[in-house]
Amino acid sequence: MATKASRSAARLMMAPAVVLLLGWMLVPLIMTLWFSFRRYLPLRGGDLGWAGFDNYVRFVTSSSFWPAVQTTLVIVVGVLVITVCLGVLLAILLDQPMWGQGVVRILVIAPFFVMPTVSALVWKNMFMDPVNGLFAHLWRFFGAEPVSWLSDVATPSIIMIVSWQWLPFATLILLTAIQSLDSEQLEAAEMDGAPVLQRFIYIILPHLSRAITIVVLIQTIFLLAIFAEIFVTTGGAFGTRTLSYLIFQRVLESQNVGLGSAGGVYAIILANIVAIFLMRIVGKNLDN
Amino acid sequence: MGQIQLKQVTKSFGDVQVIPPLDLTIEDGEFTVFVGPSGCGKSTLLRLIAGLEDISSGHIEIDGKDATNLVPAKRGLAMVFQSYALYPHMSVRKNIAFPLRMAKMDQAEIDRRVDGAAKVLNLADYIDRRPGQLSGGQRQRVAIGRAIVREPAAFLFDEPLSNLDAALRVGMRLEISELHERLKTTMIYVTHDQVEAMTMADKIVVLRAGFIEQVGSPLELYHNPRNEFVAGFIGSPKMNLIKGAEADKHGAATIGIRPEHTDVSMSEGMWQGTVGVAEHLGSDTFIHVHETGLADMVTVRITGDIQAKHGDKIFLTPQLDKLHKFDAQGLRIG
Ligand SMILES: Nc1ncnc2c1ncn2[C@@H]1O[C@H](COP(=O)(O)OP(=O)(O)OP(=O)(O)O)[C@@H](O)[C@H]1O
Ligand SMILES: [Mg+2]
């Protein structure tokens, strides 16, 4: 792959894919940017011309903006904390030699293959339904009043659903990381007089730090954009309106494409800030 | 203090018995080397002593106290692993201090001991580096440093030099021997390197398939191997083992003669053969002799140089007083 001819051939052959990917990304991006500077109300007169920064100002000064940012952060951080903590525990558990290891591992990974819409519907109707859900039955069995999960504790419920979806991913990455830990290190620590908890803190956790950063990075980028789970369960009500859901409402429910696009641009900027921030942490972690 | 006693110790992995009942006493301050072919259970035995594996039956006593069910940390032993097993995210200083921190020692004492170990092992130059930034030999020193700060009753080494290049191995071998002279602490050392075993040990334990074939000082094993296996295992190049008519003449099933105990002549001698390969090392020459009618190949070692080429006729004369005789069961006669 080092000769000039082979390199230019490689470029030529990669070109279609690169062009396609670029187009895929650039066209919507440019359209979003373009619309964000227009007054574009499809049902109220269509494209009404140049709007300057009006859309941007209106999006952030709207009373629903800051609550949406807050909800987004609560959900993202909540899911991250739950998936990383439980992921580490599950990874350690799955690393232990046990009977039926293969089956258990597949079962643990299974939720990742369920589509978000489907899993949210399953949770909503089979578990969290206040009349017929499994939780309601459980609560009643113990003589308690069933909880209306998706209206009374809507945000935690969504965090729970999304965590359930992402836990397999975190577990999988952390499991591979744990498996790469040299068992002699643990034995050395054992001989050095470190009990189980100390071995976890001083040996396993530092070894996992890189995998944890990667889990956090990848999940954050996807979690900032969760949509289906909210759409299917609460429809953005009961304080579960995230930034991406707000944008969706601006475009489709208020039929204001310009305003929604401005929100989209904010979301892009936010995602990039997070990405850069996390890349630097990862970079630092990968250095040593 | 560090006398270790194994009494009827066995170890099985599932149905496979790796260590059959075994008795062994390692005296305080002794440098004991376990040698044996690959897979004979050297590492397993060491790990049993360390407490990293549970023994299947029997007892282990350390300084006369039963340690069979003690956790590794409570046995007061320190181990140096083949892969060094340094903690990659901690600096050299933190690595060495780790066992002391775990023992909740106060900081001043930790610093004193770490600095002491650093001085003994010449670690001062890279005490603040991470293990990843060190060479193999330096890592080895750090691993030893981490072991000595605990002032253990005994050190356990599992092939600690096998990842080093030849020159460094010689250097580290000397350093470990010197350390032993200075600390006078019991050391158990696993290796399959002849030279390490012979030069470092006070006592060599030769293992085969978990059985102890012989225990003794290096020279004892060299001069009086108890059986054919030990005879063939100790010494380099290997002892020539000859069966058949020639052995019958000496009233044995097998006779053994070391390569260095055979005289060589180009004109006359007891046995005749053809030179196969002659390895000239400068100080010594190893000659592999074929077509002697005794064994596939007979190796001789002579001091200095000799003009022997491939295909030359050569005559060998064993020094009869250095001849080893074994019976049909492979046990030494006389
Ligand atoms: N955890 C284990 N489970 C099952 N069998 C094992 C286990 N550990 C070791 N064995 C077996 O026990 C025997 C002795 O192994 P051990 O590691 O002690 O050999 P060794 O003498 O150290 O060999 P080497 O010189 O190659 O390191 C081998 O046959 C090995 O296959
Ligand atoms: Mg071994």
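A residue is taken as buried if 20 or more other C-beta atoms lie within 10 Å of its own, as exposed if 12 or fewer do, and as partly exposed in between, with C-beta atoms placed from the backbone. The model is predicted: local features need pLDDT of at least 70, side-chain atom pairs count only at pLDDT 80 or more, and totals for chains, interfaces and linings use all residues. Residues are numbered from 1 along each chain as its sequence is written, while chains are lettered from A and ligands numbered from 1 in the order in which they are written.

Chain A has 13 helices and 2 strands. These elements are DSSP runs, numbered from the N terminus: helices are H or I with at least four residues, strands E with at least two. The C-alpha trace of chain A spans about 75 × 75 × 30 Å along its principal axes. Of the 288 residues in chain A, 31% are buried. Contacts were assigned to residue pairs whose C-beta atoms, placed from the backbone, lie within 7 Å. Among contacts in chain A between residues at least 6 apart in sequence, 70% join residues at least 24 apart.

The two chains meet through 14 residues of chain A and 16 residues of chain B. On the chain A side, the elements giving two or more residues are helix 9 (183–191) and helix 10 (196–223). Helix 9 of chain A gives the most, with 6 residues. By class, this side has 5 nonpolar, 4 polar and 5 charged residues. Here Ala, Val, Leu, Ile, Met, Phe, Trp, Tyr, Cys and Pro count as nonpolar, Asp, Glu, Lys and Arg as charged, and the others, Gly among them, as polar.

Tyr202(A) lies in helix 10 of chain A. Tyr202(A) counts as buried because it has 20 C-beta neighbours inside 10 Å. Leaving aside residues up to four places away in sequence, Tyr202(A) touches Ala189(A) and Ala194(A). Tyr202(A) and Ala189(A) are 13 residues apart in sequence, with their C-alpha atoms 8.8 Å apart.

Chain B is assigned domain 1 (4–229) and domain 2 (238–326), with bounds from an automatic or database domain assignment. Their C-alpha centres lie 38 Å apart. Ligand 1 is surrounded by residues of chain B, including Phe13(B), Lys42(B) and His192(B); a residue is near the ligand if its C-beta atom, placed from the backbone, lies within 6 Å of it. Helix 1 (residues 42–50) of chain B gives the most to this shell, with 3 residues. The shell has 3 nonpolar, 7 polar and 1 charged residues.

The largest nonpolar core has 131 residues. Such a core is a set of buried Ala, Val, Leu, Ile, Met, Phe, Trp, Tyr and Cys residues joined through C-beta atoms within 7 Å. Met79(B) and Leu156(B) have the most contacts inside this core. Helix 8 (residues 154–179) of chain A gives the most to this core, with 12 residues. Domain 1 and domain 2 of chain B each supply at least three residues. Partners of Leu156(B) include Leu46(B), Met79(B) and Ile188(B).

Some backbone features stand apart. A cis peptide bond joins Ser236(B) and Pro237(B), with omega about -5°. Pro237(B) is in the loop between helix 8 (228–233) and strand 11 (240–243) of chain B. Phe238(A), not a glycine, has a positive phi near 55°. Phe238(A) is in the loop between helix 11 (228–233) and helix 12 (243–253) of chain A. With 17 C-beta neighbours inside 10 Å, Phe238(A) is partly exposed. Gln8(B), in strand 1 (residues 4–13) of chain B, also has a positive phi, about 50°. Gln8(B) is exposed, with 12 other C-beta atoms within 10 Å.
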